[in-house]
Amino acid sequence: MGTPDVALASVSVSTFANTSSAALNELNNKTRQLLQIFNTYGIPLSNVQTTALSLYPQYNYTNGQQILTSQRAGQVFSLRISNVGNGSFIGSLVDSITAIRGTVVSRLVFDISNKTDIISRASTD
């Protein structure tokens, strides 16, 4: 038995705008905010990876007609969070991230970075 000291999470952010360019600009602004939050919480850039970037049109369908309403831009990050502490650290981090409109934290998984002692103890029991 061990105490988790690492968390892995997926953070996605998305935005809508009238044009692709405007959607990407707004996404860049939100991405800068997220990177600042990661930095504030001591998550090095080496532990942040973009896993997906998307840009696509949004439509409404009225009377069988497809009407372009906006462009959607999105980005997904994979985070490795070291030294998670007692859980309040993660809660505070998630609160800060989700304060940015259009962000979602998913697949939050806790783990133990060094399992050598646990494996060793399990094999002797």
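R107 is exposed, with a relative accessible area of 64%; exposed denotes over 50% relative accessible area, buried under 20% and partly exposed the range in between, for a 1.4 Å probe and protein chains only. This residue lies in strand β4 and has a positive phi of about 50 degrees, although it is not a glycine.

The model is predicted, so local features require pLDDT of at least 70 and side-chain atom pairs pLDDT 80 or more, while totals for chains, interfaces and linings use all residues. Residues are numbered from 1 along each chain as its sequence is written, and side-chain values use heavy atoms, without hydrogens and water.

N63, likewise not a glycine, has a positive phi of about 50 degrees. N63 sits in the loop between β2 and β3 and is exposed at 78% relative accessibility. Helices (H or I, at least four residues) and strands (E, at least two) are DSSP runs numbered from the N terminus.

## Helix α1 and its packing

Helix α1 comprises 21 residues, 20–40, and reaches 30 Å from its first C-alpha to its last, close to the expected 30 Å (1.5 Å times one less than the number of residues). The buried residues of α1 are A23, L27, K30, T31, L34, I37 and F38. They share one side of α1 because they cover an arc of only 115 degrees around the axis, taken from the directions from the helix axis to the C-beta atoms.

The buried residues of α1 pack against β1 (6–17), β2 (48–62), β3 (65–82), α2 (88–98) and β4 (103–111), with contact meaning heavy atoms within 4.5 Å. On the face turned away from this buried side, α1 carries the exposed residues R32, N39 and T40. Just after α1, G42 adopts a positive phi of about 75 degrees.

The model holds 1 cavity of 30 Å³ or more, a cavity being a set of points on a 1 Å grid over the protein atoms alone where a 1.4 Å probe fits but cannot get out. The largest cavity has a volume of about 30 Å³, which is the space filled by probe spheres set on points joined across faces, edges and corners.

A9, V11, L79, I81, I90, L93, V94, I97, V105 and L108 line the largest cavity, each with an atom within 4 Å of a point. The elements giving two or more residues to this lining are β1, β3, α2 and β4. The largest share, 4 residues, comes from α2. By class, the lining has 10 nonpolar, no polar and no charged residues; Ala, Val, Leu, Ile, Met, Phe, Trp, Tyr, Cys and Pro count as nonpolar, Asp, Glu, Lys and Arg as charged, and the others, Gly among them, as polar.

Notes:
1 Å grid on protein atoms, 1.4 Å probe; cavity = no way out; pocket = protein on both sides within 12 Å on 5 of 7 lines; lining within 4 Å.
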